[in-house]
Amino acid sequence: MLFLVAALLLLGVVMGTVAHAPLSFAVVAAVVIGVWLMVFAIRERHGRRRGTSG
């Protein structure tokens, strides 16, 4: 429950910050974060399929 409260608080802070940024900056930042998350997901999926121990 505490994690949920902290996540919502952080989301509120980030959304408030983005509201004051120009739209083009917000879109570029969202694309960069999305690409980063996709790369992370692909690397995790390939790592689990190989069965590497770490």
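1. Met1, Leu2, Leu4, Val5, Leu8, Leu11 and Met15 make up a nonpolar surface patch with about 800 Å² of accessible area together. Patch members have over 30% relative accessible area and no salt bridge, with nonpolar side chains (Val, Leu, Ile, Met, Phe, Trp, Tyr) joined within 5 Å and like charges within 9 Å. A salt bridge is a side-chain nitrogen of Lys or Arg within 4 Å of a carboxyl oxygen of Asp or Glu. Areas are Shrake-Rupley values with a 1.4 Å probe, and for residues only the protein chains shown count as cover.

2. This is a predicted model, in which local features need pLDDT of at least 70 and side-chain atom pairs pLDDT 80 or more, while totals for chains, interfaces and linings use all residues. Residues are numbered from 1 along each chain as its sequence is written, and side-chain values use heavy atoms, without hydrogens or water.

3. Val5 sits in helix α1 (residues 2-19), and Leu9 lies in helix α1 too. Val5 is partly exposed because its relative accessibility is 46%, whereas Leu9, at 60%, is exposed. The classes are buried under 20%, exposed over 50% and partly exposed in between (1.4 Å probe, protein chains only).

4. The chain has two helices and zero strands; helices (H or I, at least four residues) and strands (E, at least two) are DSSP runs, numbered from the N terminus. Of its 54 residues, 0% count as buried.

5. Leu9 and Ala41, 32 residues apart in sequence, are 25 Å apart in space, C-alpha to C-alpha.
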